[in-house]
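Please open the model in your viewer and keep the selection panel at hand.

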Amino acid sequence: VGPAPLFAAFLQLPARAPHWPLAPRTMAAADVFSVDTKHDDMIHDAQFDYYGKQLATCSSDRTVKIFSLENDTPTLISQLTGHDGPVWQVAWAHPKFGNVLATCGYDNKVIVWKSDSRQGGEFKRVFEYGEHTSSVNSVAWAPHESGLRLACASSDCTVSVLTHREDNSWASEKIRAHQVGCNAVSWAPMAVDESGAEALRLVTAGCDNLAKVWRYQDGSWMEEAELAGHGDWVRDVAWAPGLGAHGSTIATCSQDRTVRVWRFADGAWTSTVVGSFDTVLWRVSWSLTGNILAVAGGDNKVTLWKESLDGQWKCLANYTDGARAAAEGNEAMAADSQE
């Protein structure tokens, strides 16, 4: 079973960038727009690039579409065909590496695409990874400080970490992450360890009802912590951006109809249940400041949550309508930035 379809509101609530529905940077904060993608089947993911000037979408119709948002008018500029099944997720790399996009799908493939301005900006397949034996459900780029590095979570229970090398080849490592399938992966913000060296960490979500924290140490990936608390598949996981308290914060959502926010303190991870839901939960997403959490569920609703000073999570907005969602989401972000 692959990821759920991305719900109807998503095209008016711009999708994760990298993990939060923000309006494109080229548009005014209160603007709302929709995109007729003309996909022939369910849309599973959509992401803006770093500058909010391009939107990538993917679908069960096996295609990836890229839209230019120059002049605030969505224009289809490329349709990528390379997958042999539904495409579950797209992820833009940091622009320091060029115009690079990763995609993954039910066909067990991960494909990295890059556009070349010398060839009219056309996207070309520059790398394909086919070593997974089951659906690849999630892809996520590491913090750009660590280089061009991609994590890929698969139903075959493993996570691949693909690293681009100076000779333009790719190195691959595999983590046996979960006893059952792996649904999602998210990177920690870049940090340094006690010796001053860069510390690479990521978190995975599995069908074994667990999330797991992994750390790259002495040339290999080591399990650092097991986050147990959900009673069913953990469908998504999101490491909050930023350093300090937010740099040690993870959100998970599950088929058990709960969202948990995990914090690391005094040498251990502990969790708090966020809100109350009556449906399976599919996606969690942090704002860029790590202060607001978005949750999407099987009832086609998106809710925004913020932690109050007394440690309680309060719902800022609860909606199904895309236009109202965008307006309320922007208002919540504006209020947050003034605090």
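Two strands are said to pair if DSSP finds at least two bridges between them; strands themselves are DSSP runs of E with at least two residues, numbered from the N terminus. The model is a predicted one, in which local features need pLDDT of at least 70 and side-chain atom pairs count only at pLDDT 80 or more, while totals for chains, interfaces and linings use all residues. Residues are numbered from 1 along each chain as its sequence is written, and side-chain values use heavy atoms, with hydrogens and water left out.

Select residues 149–154, which form strand S10, together with S9. These two strands pair in the antiparallel sense over 5 bridges. Within this region, Trp141 stands opposite Leu150 in S10.

**Second stop: two loop residues with positive phi**

Most residues other than glycine have a negative phi. Now select Cys157, in the loop between S10 and strand S11 (158–164). Cys157 is not a glycine, yet its phi is positive, at about 85 degrees. Its relative accessibility is 10%, so Cys157 counts as buried (under 20% relative accessible area; exposed is over 50% and partly exposed in between, with a 1.4 Å probe and protein chains only).

Move on to Asn209, in the loop between strand S16 (201–206) and strand S17 (210–217). Asn209, also not a glycine, has a positive phi of about 75 degrees. Asn209 counts as partly exposed because its relative accessibility is 23%.

Select Thr252 in strand S20 (residues 249–254). Is Thr252 buried or exposed? With a relative accessibility of 0%, Thr252 counts as buried.

Display its side chain next. A polar contact (a pair of N or O atoms within 3.5 Å; within protein, one must be able to donate a hydrogen and the other to accept it, and residues adjacent in sequence count only if both atoms are side-chain atoms) links the side chains of Thr252 and His230 at 2.7 Å. Another polar contact, of 3.0 Å, joins the side chain of Thr252 to that of Trp262.

Finally, show the residues in contact with Thr252 (heavy atoms within 4.5 Å), leaving aside its neighbours within four places in sequence; among them are Ala211, Val234, Asp236, Arg260 and Val284.

Terms used:
Helices (H or I, at least four residues) and strands (E, at least two) are DSSP runs, numbered from the N terminus.
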